[in-house]
Structures are given as structure tokens and as C-alpha cells.
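Here are my notes on the model you sent over, point by point. Have it open while you read.

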Amino acid sequence: MTLFTGFRPPIAFHTNILTIFPGFQPWSLPKLARWAVENGFDGLEVGPAVPLKADDFAEARRIGARIFCLTYGRNVLAGDLEERALHQRNVLERVRFAGGEGIPLVVLATGRIPGKSLRANLPDVIEWFSEQVLPLAHAGSVTVAVENCPAVGNIATSPAMWHELFDNALPELMLGFDPSHLVWQFIDPYAALQEYAPRVRHVHVKDTRIDRARLAREGIDGDGWWRYTLPGWGELNWAAIIAELQRVHYPGCLSIEHEDAVWDRSEGEILQSLLLSKRYLEQYLADPVEVPPVEAVAPERVAGVKPI
């Protein structure tokens with residue numbers, strides 16, 4: 001018998017929800033790793049609030065959790081020069097750390113200078129990545145991807161800008177794909193993924209719900225007409241997204257990024273929602289199957305059909 005696993009990307013979750021957002025004591029990396037492994041997750045996406053302590057990362061691996069990437073979504077081109085310098089130091093520290101620890105991927109925002117249009121930021125973004133980030137990543141055998149969140153000082157927010165960055169300027173740069181952001185921007189997430197799926201190295205799993213009645217009353221500049229949700233509770237067709245990832249043999253993980261305000265009021269709600277999200281994803285992933293060996297001689301007749 002041969003075991004065929006098919007398309008079954010590992011499932012992880014982003015550490016932010018248990019280290020940044022809640023009002024309780026932030027979880028350590030070993031505690032996150034232990035809970036993840038005990039509950040059937042393959043590993044973690046490690047966010048900016050987790051200290052870069054080699055001993056903690058070693059303990060997380062000893063427990064059995066894979067570290068799929070380090071993520072740092074902050075504005076490395078902030079208008080305040082001290083803030084800009086801080087975020088740039090932190091990015092470079094993470095790229096070095098990833099190289100030293102054998103972590104294959106770092107996911108970043110591009111940075112965006114306030115008051116400038118998306119395209120007017122291109123020269124500064126290209127200079128930052130080409131002169132500082134990508135050479136350091138190359139030296140440590142680390143892949144760098146940029147996510148498409150508009151809220152973190154970022155210009156990689158649409159297929160038009162991906163074209164400017166990936167196709168025209170920085171072919172080494174990869175994409176961290178989060179379709180939930182495209183929903184509230186009214187960008188077709190399926191067409192965007194189809195065009196850039198070969199460049200995707202990381203996927204954030206969450207959804208977006210649009211209150212269309214409120215949108216019709218408030219307009220796009222109004223408040224409260226959209227919010228992030230657990231996957232399957234919003235607008236996205238995750239079956240279609242996973243099918244497209246399968247088409248290109250997507251090599252990364254599916255990382256649940258919990259940002260649903262309805263499910264973050266206690267540790268219990270957060271943990272339950274992570275498990276609900278994992279269960280939702282698993283319905284679209286193939287279970288391993290044993291394939292029997294090929295027969296030495298094929299049958300001459302099948303269902304009464306004679307061979308030609």
C-alpha cells in the first residue's frame with residue numbers, strides 16, 4: 001500500500017490574538033506551542049509581541065510545533081523618524097533571527113510614507129527592500145513576503161500594486177495573501193489569487209462580513225458596515241480559495257488570524273474560535289488515503305465492455 005496525502009496544507013494560527021489584543025496575561029511561546037500541539041495544530045505564525053528568545057523557540061520545537069514564519073506588520077516608513085527607525089531595526093532583527101533559527105519565511109508590511117499616494121511610495125519601498133531587507137534575507141536563506149493589509153503602513157494592497165512590486169521591481173519578493181482585506185476594498189479575491197497564486201507563500205485565514213443595509217445608508221466612508229469574522233462566517237468562499245491554492249501546489253500553511261471582535265472577550269472564546277476555524281478549514285482538506293498496488297494484469301472486461 002502507498003499512502004497518498006493529497007493537498008493538505010498544515011494549519012497554524014497567528015500568535016497576536018493571545019499576545020497583543022486580549023486584556024489578559026499574554027501567553028509565552030512555549031505555552032502557545034503546547035496548546036497548539038495538544039489541539040491538533042501543526043504550528044504557529046509568530047507575531048511581533050513574542051520575544052525573540054532562542055530558548056523559547058527551541059522549546060516550542062521540542063514540544064512539536066513548527067514555526068512557519070515571523071510576522072511584523074508595522075510601518076517601516078512612518079512619518080515619525082524615531083518610530084521609523086524602531087520598526088526598521090525590528091524588521092532586520094527578525095530577518096537575522098529567522099536565518100539563524102532556520103525559520104523559512106518572514107512576512108512584512110512594505111511601509112508607507114504618510115501623505116503620499118501608493119505609487120508615490122514605490123521608490124522608498126523598493127530602496128528599503130532591495131538595499132536592506134532582501135540582501136539580508138538572501139544571506140540567511142529566508143524568503144520575504146509582504147501581506148496585503150491596508151491598515152499597517154502598506155502599499156501592497158491590491159493586484160495593481162502587486163504588479164508594480166513583484167513584476168516590475170522586486171521579483172524576489174513574495175506575497176502573504178489575506179483575502180479578507182480584499183472583500184471590504186471591493187477587489188475580487190478569487191481573480192486576484194488566480195493571477196498571483198504562484199507567488200503566494202503565506203495565507204491568513206479569516207473572513208469579512210459586510211452589512212449591506214448599513215453600507216447603503218453610511219457609504220464607504222461611514223462606520224460599522226464591515227467587520228472581520230471567523231472563516232465561513234462572512235463573504236468568502238474558502239472552498240474556491242483552497243482549490244486555487246491546490247492548483248498551484250501552494251507550499252505554505254493556512255494560518256488562522258483571529259480578528260473577530262465577537263469572539264475575543266475571553267480566553268475561552270478565543271480558544272474555542274480557533275478550534276472552530278480549524279474545523280471549518282479541515283472540511284476542505286483531504287484525509288490521507290491508502291492506494292493499493294497496481295494489478296499485474298488489467299481485467300479484460302469492465303462492466304461488460306469488450307477491449308478493442
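1. Starting with the inside: the largest nonpolar core has 81 residues, and those with the most contacts inside it are Phe13, Leu18, Phe129, Val133, Trp162 and Leu254. By nonpolar core I mean a set of buried Ala, Val, Leu, Ile, Met, Phe, Trp, Tyr and Cys residues joined through side-chain atoms within 4.5 Å. Helix α5 (residues 122-139) gives the largest share of this core, seven residues. Another core, of five residues, lies apart from it, with Cys69, Val107, Ala145 and Met174 among them. As a general point, nonpolar side chains in soluble globular proteins tend to be buried together.

2. Before going further, a word on the source. This is a predicted model, where local features need pLDDT of at least 70 and side-chain atom pairs count only at pLDDT 80 or more, while totals for chains, interfaces and linings use all residues. Residues are numbered from 1 along each chain as its sequence is written, and side-chain values use heavy atoms, with hydrogens and water left out.

3. Back to Trp162. Leaving aside neighbours within four places in sequence, Trp162 is in contact (heavy atoms within 4.5 Å) with Asn148, Ala156, Thr157, Asp167, Leu175, Phe177, Leu182, Ala192 and Tyr196.

4. How many disulfides does the structure hold? Zero, taking a disulfide as a pair of cysteine sulfur atoms within 2.5 Å. Cys69 is in no disulfide, and its nearest cysteine sulfur, in Cys253, is 6.1 Å away. That is too far for a bond. Cys69 counts as buried, at 0% relative accessibility, and Cys253 is buried too, at 2%. For the cut-offs, buried means under 20% relative accessible area, exposed over 50%, and partly exposed in between (1.4 Å probe, protein chains only).

5. Is Glu244 buried or exposed? At 12% relative accessibility, Glu244 counts as buried. Beyond its neighbours within four places in sequence, Glu244 is in contact with Leu193, Gln194 and Ala197.

6. Finally, Arg62, in helix α3 (residues 54-63). Arg62 is exposed, with a relative accessible area of 59%. Its side chain is joined to that of Glu59 by a polar contact of 2.8 Å. Such a contact is a pair of N or O atoms within 3.5 Å; within protein, one must be able to donate a hydrogen and the other to accept it, and residues adjacent in sequence count only if both atoms are side-chain atoms.

Note on methods: Helix = DSSP H or I, 4+ residues; strand = E, 2+ residues; numbered from the N terminus.
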